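Please keep both in view while reading.

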Amino acid sequence: MKKFVLFIFVLPLLIYSQTKINVNHKYQELKCKTCHSCDIPTKEKPCLIECPRDKMVSVTQKPEDGPEILTINKIKFENDLYKPVTFTHRLHAEMSDMAGGCKMCHHYNPPGKIIGCIDCHQIERNRIDISKPDLKGAYHQQCMNCHRQWSGKVECESCHELNSSQKSENQKTINSSKKMHPKIEVPAIIKYETPKTKGNLVLFLHNEHIKTFSLDCQNCHSNESCNKCHYKFNPKPEKLKSTLEKHLKCSNCHNTKSNCSFCHSNNPQREFNHFARTGFDISNYHVKLTCQRCHIEKGKFTGLVSDCSSCHGVWSKSNFKHTVVGLQLDETHNEFDCTECHQEKNYKRPGCKNCHEDKTYPKEKPGKLVKK
Amino acid sequence: MANQTRRNFIKTSALITSATIGLTNKSKAAPKYILSEDRMGVLVDTTVCIGCRKCEWACKVEHNLPTSAIETYDDRSVFNEKRRPNDKALTVVNEYPNDYSDKFPINVKVQCMHCDKPACLSACIVGAFSKHENGAVTWDTSKCIGCRYCMVACPFQIPAFEFEKALKPDIKKCDFCYEQRTSKGKLPACVEICPVEAITFGRREDLIKTARQKIKIYPNRYINRIFGEYEVGGTSWLYLASKEFEKLDFPKLGKDPAPGVSEAIQHGIFAYFVPPVALYALLGGIMWINKNKKSKEKEQEK
Amino acid sequence: MENLKPTILQKKFFTPAVIGLTVLAINGIIFLMIRFLWGIGAVTNLNNQYPWGIWIGIDVAAGVALAAGGFTTAALGHIMHKDQYHAIIRPALLTAMLGYTFVALSVMIDLGRYYYIWHPLIMWNGSSVLFEVGMCVMIYVTVLYIEFLPIVTERFIGRVNLPSFLSKFNKPLDKFLRTLDRGLEKTMFIFIIAGVVLSCLHQSSLGTLMVIAGPKMHPLWQTPVLPLLFLLSAISVGFPMVIMESYLTSKSFGLKPETNILSDLSNIVAPLLGIYLAFKIGDMVIRQTFVYLTEVNTESIMFTLEILIGVIIPLRMFLSNEIKKSPTGMAIASFLVVLGVLLNRINNFLVAYNPPYSSKAYFPSFGEISVTIGFIALEILLFRFFVLNFPIVSLPVYSTPQAKFTIRGGSK
């Protein structure tokens, strides 16, 4: 009862503080100078740092959370040639998933809510402050960046209806609102071939990178163009600058400057094998663990000591059930300290020589086998 | 006889001298040239331009030039050849390959640069060109005699001539939409229609500031140069680009104003008409001395 | 000493050569009509890249230079008072007058709005080189006409004979001519000096014309001393032009060439050519443009031709005594100088001019060439007409010791 009363009292405070955080970013963990150039910004004079701000906080949403369809009709002229665009926001948000997400369009977004173009970009083109494009320019610059990649075309009719055209806006809205970006198929293995003779083959185990290293799509695919998959318009691959650029995606985790043979070989590679690569067999006891259980530091997969004690601490008969390994020790052996038999630090093979001159493991066992 | 001629000579010489000095004062009447600090300009960001050619269409409509329907401007095959502004199109957009991405070709809009020190204005025999307070360089049809010296003088090879017209052929060039728009504080037609605002209209000083800022923030996107900031003494139209301007068919020009040398020579020869008058006096003197010598010789012969 | 007196030549006007020239002139006029009916574009190969063609490069620029004989002989004969040259002043004056008339005509046909040719008179642009050239040429043409007037008065005083119903004006006209003649006699020196000053101004400014084209002009020619080079070349082409014209006249009319006067003139040509060459080479050395001569292209070839054929070879010829004794030799040397200056003007205005966006180089059309040749033919025909109808060419006179009329400003 007491608890409930306390909860009743605390609840409004909680809600208040929650809304406060959403609306008033003052309480967020941000340095004022990230966005404001003066010491005491006011509502009238926010003294925001001019766009583009080099340090920026961007808020992200899921595509479903944003509006489904927007009609962009903020700019009106007396004799407009074209009708306003019906923008399938959700569809575009889905499409941007692997290409940078919300901030792809909502760049330099201040903390708090996601704001639209009109909040920063002026409607009137004939203006004093020309440091950022006007609204019409801002819209089109955003759209054309992808649309040019997509089709290589710039004609207005791909988005706008001519004002003289008979087609109604609604028709287009209805058509496009049904569209959804299909789920992206995840490839299992991608085979890269290089023109070089030595190590011309890289077998990229896409599946394994996701499952074994539990990576998100965005971890690697943060800046993809639509053409990555929809390459029908331009089968010619983009010209890349340097070796460095070609390996950019891998070099986040792998050392791509030396040690080429790690990925490049003339034979197709096998799946990832912890033992083969590191000498530490995880197939017996660690198989169910995620990588992050041991490789706690994100993106760093090297440098762990293979001693059991480095993760498990010091084992003793009180904190280790020997049945786990599939062998129940008989009463005599159960009395010993672990180190009596396991002289090596990795607890692998017990030595019997200390007590029994004529016995060897695994010929003779210090107990009976049980199910793991 | 000789005496009489001599007196005549001095009299008329004096008359001519005073007449020429009288003329000098009048000859200061020059074409309209205002170089305002607040002159406007346009910044063309070629990395933003998408080559939609709407500016070409708007320009033709604004200047009552014949044009096809706006949809026909989507035809990108015109980019196969490099075009130049002419009497039928005051601005054109050309396309150049982008070394890093063939999906983002570089499009460059070409029109009169509206120089701060216009060569056409300096060259024009009748002073038909004017530089207005807002930066526009315009041409006056009521004065032009069609000599085409402006075309010879222009470092950007912009003025075009209606060679096909037998009567009243015009010089055609971008006029910054001076009459109908910019003199009334409105935007030029091309700037108004540009969907991506690749062309920004503003005070020239602000444009340079904005351009510098852009170069600073995106050093990989732009080369570190604003074309038109210093070229031939500065131009009202300024350009940003991702590769060397010379590769985009911009002329290679120095910082000196185009009419500088020829005006210096011209004003040297005609420094308040002193050199011509001095030459006149010198020749008169020589003639007089020679004449005296000859008549003396003749008298001696007699 | 034999006396020379300007006389009207008594010859037939029409000869086979004249008929040929007439055909050429008519051909030119036909193309001119097309130009006036359908515009400049219909006849010429001009375009927005090449706004000026041979009508400016040859007809105007070279025309002005080759008419320089008028002011150089006037300076020599009247200002320096070398009386022995008086015999060639009138032909030179006629050449200059006709030359400048055709320069003005060429400007007129090249102007898009030829009917506004008077605009520069009231619409001034002090910084425009073309304005200065235009004004100077306009005034100089007037001065040339005034200088020519005494020849007209001399021709008609006492000989005015108007057809029947106008015959009552004969007397007043005669009186007017005499007054005019007296007036001109007293003031002629003003016009002669003015003519020389104006010539110096616009001959040099013609060179300044192309300076404003800046980097569009090939560095072999583009130089700030271009006006000086133009003036020097004009001065040095003046006498060769007179020599050639005098030689051709005497050949054409079967007269004896005035070898003495011509070889005296030739003595002046060599130093003038030498000065011009020195400046030209000096300019090239100072601006180090000789590097462009190592490339083989149109520009370098034309520049070499211009200097070699137009300056160096004739300079050597004019230094040779044997050549100076032979009228034909002098005429050939003079022809080379004339050709050199013609080449120089063509080079400056057409060859050196490389607009930045031209897809193909300019070459004159058949129509343009026709008009230019037609104008030259017309000029020669008019020269012939004047020589046959006015006292221009001086012939030896044994009876009267002193000519009645000489050019005014001369000694009396």
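Over residues 20-28 of chain B, pLDDT stays under 50, and the model has 8 contacts for this stretch beyond four places in sequence. The model is a predicted one, and confidence is accordingly a matter to consider along with the coordinates. Helix α1 (residues 2-27) of chain B has the lowest mean pLDDT among the elements of that chain, 49, whereas strand β9 (residues 237-240) of chain B has the highest, 95. For chain B as a whole, the average pLDDT is 85, and 89% of the residues score at least 70.

Chain B contains 8 helices and 9 strands. Of its 302 residues, 45% are buried. When contacts in chain B between residues at least 6 apart in sequence are considered, 62% of them join residues at least 24 apart.

β2(B) and β3(B) run in the antiparallel sense and are joined over 5 bridges; in one of the pairings, E95(B) has N107(B) in β3(B) as its bridge partner. Strand β3(B) is largely enclosed by the rest of the structure, because 4 of its 5 residues are buried.

Chain B also meets chain C, with 62 residues of chain B in contact with 57 residues of chain C. On the chain B side, at least two residues each are supplied by α1, α3 (119-123), α4 (149-153), β6 (160-161), α7 (260-269) and α8 (274-301). Helix α8(B) provides the largest share of that side, 11 residues. By class, the side of chain B that touches chain C has 38 nonpolar, 13 polar and 11 charged residues.

The largest nonpolar core has 211 residues, of which C120(B), C124(B), C150(B), A153(B), I193(C) and V196(C) touch the most other members. Which residues does I193(C) contact, leaving aside its neighbours within four places in sequence? I193(C) is in contact with Y280(B), L283(B), G284(B) and M287(B), and also with I79(C).

In chain C, C136(C) lies in helix α7 (residues 129-156). Why does C136(C) count as buried? The reason is that C136(C) has 23 C-beta neighbours inside 10 Å, where a residue is buried if 20 or more other C-beta atoms lie within that distance of its own. Not counting residues up to four places away in sequence, C136(C) touches L198(C), L201(C), H202(C) and S205(C). The C-alpha atoms of C136(C) and I261(C) are separated by 30 Å, and the two residues are 125 apart along the chain.

Chain B has contacts with chain A as well: 21 residues of chain A are in contact with 24 residues of chain B. The side of chain A that touches chain B comprises 6 nonpolar, 8 polar and 7 charged residues.

Chain A has 13 helices and 7 strands, and 8% of its 372 residues count as buried. Among contacts in chain A between residues at least 6 apart in sequence, 55% join residues at least 24 apart. The chain is divided into domain 1 (55-177), domain 2 (190-272) and domain 3 (305-372). In chain A, 9 residues of domain 1 are in contact with 11 residues of domain 2. Helix α3 (residues 135-151) of chain A contributes the largest share of the domain 1 side, 4 residues. That side has 5 nonpolar and 4 polar residues, and no charged residues.

Chain A also holds an open sheet of 3 strands, in the order β3-β4-β5 with antiparallel pairing. Its edge strands are β3 (190-193) and β5 (264-265) of chain A, each of which pairs on one side only. Strand β4 (residues 201-204) of chain A pairs with β5(A) in the antiparallel sense over 2 bridges. In this sheet, V202(A) has H264(A) of β5(A) as its bridge partner.

Note on methods:
Residues numbered from 1 in each chain as written. Chains lettered and ligands numbered in written order. Predicted model: local features only at pLDDT ≥ 70, side-chain atom pairs only at ≥ 80, totals over all residues. Contact = placed C-beta atoms within 7 Å. Nonpolar A, V, L, I, M, F, W, Y, C, P; charged D, E, K, R; others polar. pLDDT = per-residue confidence, 0-100. Pairing = 2+ DSSP bridges. Buried ≥ 20, exposed ≤ 12 C-beta atoms within 10 Å, placed from the backbone. Domains from an automatic or database assignment. Core = buried A, V, L, I, M, F, W, Y, C linked by C-beta atoms within 7 Å.
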